[in-house]
Amino acid sequence: MQFSIEVDNLKKSYDKTRFRDKVAMLFGAKRAKNRVIALDGVTFRVKKGEVFGFLGPNGAGKTTTVKILTTILVPDSGEARVMGYDVVKESLEVRKIIGVLPEDSQRGFGWRLTAFENLLFYAYAYLLPNPRERVKEVLKLVELEEEHWDKWYQRLSQGMKQKLALARALLPDPQVVFLDEPTRGLDIIFVTKFRDMIRNKFGDKDKTIFLSTHDLKFVEETCDRVAIINRGRIVTIKSIEELKTLVPNTIKDSYVLEFDKRSITKLNDFIPKLRELDVEWYQVDDHKLEFLVKGGSLEIANEVLRTAISCGLLVCSFHRKEVDIEEIIMRILKGEEDAN
Amino acid sequence: MQIKRLLGFLYIDFKEWLAYKYELFFWFLNTIIGAFTYAFLGTYVTLYKKELIVKYGSFLSFLIVGMAYNYIIYASLMAPRMAINPWNLMWRLLIPARLYEIIIGSVLFRYLIGILQFLTYFVVAIIFGAQFNINSVSAFVAIALGVAVMWGLGMISAGVQVITKRWDPVTWFFTMLGGLLSGVWFPYQLLPKPLQYVSLILPQTYILEMLRGAMLRAEPLTSMFDQLIPLAISATITVTIGYFVYMKSIEYAKEHGTVGEY
């Protein structure tokens, strides 16, 4: 099987008609039904063993998609399969092979049960062999220190709760893991480790990871491919490298020169000279100059640097601008909005 | 049905129950005080109000059967709604188990606690001289039918709550009327005649009559057709409707995206 997740023309809308309008309609009043389209023909494939990022602004349809794929929500039409199982007709089979870290990860935990007891329940519920051993394994995997295993859930810190939710998702050793905003509440040290865990696919190269998050840096560092969804439609599906090629030259071939604020008055001498140096575009922001030279030439850029110094600007740093994933996605989404 | 999975449910409910130490202490205290209160009350009424309870042997025995109803059978009405609440529902539904396993697992512990409470009352009642004349088969059938009827109603109630999130007219209706009119605390025949007609349409009335016949007069099933048949019919109807309503409510919540809402 090549694909872990196959989604075809998935559609979902919600009835948002107010209760009083529904009652009025029962008595014959003519009111317009208010339906909100959450998914409008979503189609994509996730390869087996892939780390797949699912990005989009709030209300784009990310959570609706995740809910459908995890069998919590039924689509209006279209098909979705996880490891070949239909999420509606074979939901029980799907639930056996997935692990879920939902956005609202505190649900389903007993607040007066310890971290260990909470997971032990799920180990029983999933009919795992050697449940206690498995619980210990995943608690160690997510690096929840042993001293916290016997603490009530409600006494764990936000980060520990998130680790426990992650442990719950990994407990049944799922073939497909759905992670919705997994880095929320995690400290920076664990986020780095967690990034490595995802890159290693939790020690199983065949594990597929479906990652929905707003943490774009995290996506850039972990995902093989990324789907961008907006207004219930997939805008694009590309690898991070391919995404970078979509960005207009004004972003990816520009240079940034940062100078000390004390020398800002020297800009008056420097800016007029830019026109003589084949600079096609520039922008000054506080103590930073961003500029684009013809053909992205490094030689011309260096000439600009020399000129800046000769004009008396105190240069702190000079570099080619890194393509920023957040900027790329913002531009893709903006382009899509403009097209609509 | 996977026993290991049910043990998992029992485990968390038991652990959570133990976690509330003060509540646990007062639960034991309430059970003991309650048992002695009813034992005392029953003995007192037996002494001074003999004419009320001739049919039932003693008022204490009468009350204890009411307790059996309250703790085991009435619990069936409340358990599905309390156990499958919207806070847990999403995670319960993510477990790779069939819906009936999830429902049974979620309510099992409440039954065990109900039986434990009833046994406490039962033992204290015997200490106070209550006499029982039990036909085990009839008692088992009465309890099984009672649990089934109430379970069905409880499922309807839980189903309604999955949609409305709060409002639960089913439990309200049967708790209000059942407590007053079905004969939990006193024989329903003591009610004014018009109210007795209402009693006769409540399944609880038949459950209690059958239970008392089985536990106090050792009546065989063959002599309890007046209760057995209506209860068997009610059980079939309520369990079927209850399961259907609950399944449909889950479908509704899955279609409307309200599984996790509460």
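Helix H4 of chain A, residues 115-125, is mostly covered, with 10 of its 11 residues buried. The model described here is predicted. The buried residues of H4(A) are Ala115(A), Glu117(A), Asn118(A), Leu119(A), Leu120(A), Phe121(A), Tyr122(A), Ala123(A), Tyr124(A) and Ala125(A). The cover over these residues includes two helices of chain A, H5 (131-141) and H6 (158-170), and also helix H1 (3-19) of chain B. Just after H4(A), Leu127(A) has a positive phi of about 55 degrees.

Leu119(A) also belongs to the largest nonpolar core, which has 145 residues. Leu119(A) is among those with the most contacts inside this core, together with Ala167(A), Phe178(A), Phe210(A), Ile207(B) and Leu211(B). Helix H3 of chain B (residues 59-83) gives the most to the core, namely 16 residues. In soluble globular proteins, nonpolar side chains tend to be buried together. Leaving aside residues up to four places away in sequence, Ala167(A) touches Leu119(A), Val138(A), Leu139(A), Val142(A) and Leu144(A).

Phe178(A) lies in strand S7 of chain A, where it is the bridge partner of Val100(A). S7(A) (residues 176-180) runs parallel to strand S6 of chain A, and four bridges join the two. In S6(A) (residues 98-101), Ile98(A) and Val100(A) point one way, while Gly99(A) and Leu101(A) point the other way; all are buried. In a regular strand the side chains alternate between the two faces of the sheet.

Elsewhere in chain A, four strands form an open, antiparallel sheet in the order S2-S1-S4-S5. Strands S2 (35-47) and S5 (85-86) are the edges of this sheet, each pairing on one side only. Strand S1 (residues 3-15) of chain A is joined to S2(A) by 10 bridges, and the two run antiparallel. Lys11(A) stands opposite Asp40(A), which is in S2(A).

Between the chains, 27 residues of chain B are in contact with 24 residues of chain A. On the side of chain B that touches chain A, H1, helix H4 (86-94) and helix H10 (225-256) each supply at least two residues. H1(B) provides the largest share of that side, nine residues. By type, the residues on this side of chain B are 14 nonpolar, six polar and seven charged. H1(B) is also part of what covers the buried residues of H4(A).

Definitions and conventions
Residues numbered from 1 in each chain as written. Chains lettered and ligands numbered in written order. Predicted model: local features only at pLDDT ≥ 70, side-chain atom pairs only at ≥ 80, totals over all residues. Core = buried A, V, L, I, M, F, W, Y, C linked by C-beta atoms within 7 Å. Buried ≥ 20, exposed ≤ 12 C-beta atoms within 10 Å, placed from the backbone. Contact = placed C-beta atoms within 7 Å. Pairing = 2+ DSSP bridges. Nonpolar A, V, L, I, M, F, W, Y, C, P; charged D, E, K, R; others polar.
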